[in-house]
Amino acid sequence: MKKILLSLMILFSALNAEGIYATFDVKADKSASLAFYASGIVEKVYVDVSSYVKKGDKLAELQNSDLQASLEMAKSSLEDARVNLAFTLRDYERQKKIKKLIDEALFDKYKLAYERAKAVFAEAQANVAYKKALLDNTVLYAPFDGVIFNKDIEAGDVVSSMTLKTVFNIQSRSKRKLIVEFDQTHWKEVKVGDLFRYKVDGDTKEYTGKISKIYPSANNSNRKIKAEVRADDFIVGLFGDGYIQTDKK
């Protein structure tokens with residue numbers, strides 16, 4: 001009987017030393033589904049699956065020659081408005097200097113012309129910004145440094161802003177986060193900064209990381225609490241398990 005009790009004590013100590021058992025899924029640190037916010041025909045596709053991109057790189061572009069022309073016209077109108085504003089301002093300033101010598105109604109005309117020129121100039125500025133926004137919506141840019149892991153678009157495809165469709169999926173190039181799940185009974189024990197020793201399916205090597213985030217709620221369906229551990233280079237979607245080392249003895 002003593003041997004049995006001793007064995008149980010040793011087993012309990014061994015289990016306690018291992019820490020809190022947890023499983024995890026590998027997720028990308030950043031991930032996004034990208035769609036055009038404009039309608040049109042796809043003119044060019046600049047990337048493919050597995051392409052590495054930098055933030056701001058062009059991914060695809062719709063036919064937009066009409067919008068480019070419209071933007072140029074708006075810029076010309078803005079320049080005209082700028083010139084007109086400069087002339088009306090000059091006239092207005094000149095009349096202000098001799099205001100006491102001229103008819104008040106005449107002075108008001110110069111002032112009105114200047115105020116109208118200011119309004120036209122502001123409207124022209126807004127129109128250029130609007131046309132530029134429309135043009136920008138025809139180009140899809142990478143929102144962050146990453147790799148394209150799904151592509152559902154080809155040159156010649158038609159896209160519509162009425163029914164947004166994901167055309168690219170992008171994720172962080174190498175930065176990963178392990179979404180760790182442990183039993184909720186340990187909610188008081190696990191802390192940010194605790195060591196996590198783990199293995200990934202298909203890999204015998206043991207890795208270590210630290211708990212970087214603990215989710216503020218438990219899952220009602222499986223009674224688990226989630227936490228995150230930073231990692232690098234694992235394929236997204238892999239599964240693994242390990243033990244969280246806490247201060248509890």
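Buried means under 20% relative accessible area, exposed over 50% and partly exposed in between, computed with a 1.4 Å probe on protein chains only. This is a predicted model, in which local features need pLDDT of at least 70 and side-chain atom pairs count only at pLDDT 80 or more, while totals for chains, interfaces and linings use all residues. Residues are numbered from 1 along each chain as its sequence is written, and side-chain values use heavy atoms, with hydrogens and water left out.

**Helix 2.** Select residues 65-97, which make up helix 2. Helices here are DSSP runs of H or I with at least four residues, strands are runs of E with at least two, and both are numbered from the N terminus. Helix 2 has 33 residues and reaches 49 Å from its first C-alpha to its last, close to the 48 Å expected at 1.5 Å a residue; the expected span is 1.5 Å times one less than the number of residues. Now colour its buried residues: S70, L71, A74, L78, A81, L85, T88, Y92 and Q95. An α-helix has 3.6 residues a turn, so residues three or four places apart point the same way.

**D66.** Next select D66 in helix 2. D66 is exposed because its relative accessible area is 54%.

**N64.** Step back to N64, in the loop between strand 5 and helix 2. N64 counts as buried because its relative accessibility is 6%. Not counting residues up to four places away in sequence, N64 touches L135, T138 and V139, where contact means heavy atoms within 4.5 Å. The side chains of N64 and T138 are joined by a polar contact of 3.0 Å (a pair of N or O atoms within 3.5 Å; within protein, one must be able to donate a hydrogen and the other to accept it, and residues adjacent in sequence count only if both atoms are side-chain atoms).

Finally, show the four strands of the open antiparallel sheet, in the order 6-5-3-8. Strand 6 (139-141) and strand 8 stand at the edges with a single partner strand each, so one side of each has no neighbour in the sheet. Two strands pair if DSSP finds at least two bridges between them. Strand 3 (residues 40-45) has two bridges to strand 8 (residues 158-159), and G40 stands opposite V159 there. Three bridges join strand 3 to strand 5 (residues 58-62); select K44 to find E61 opposite.
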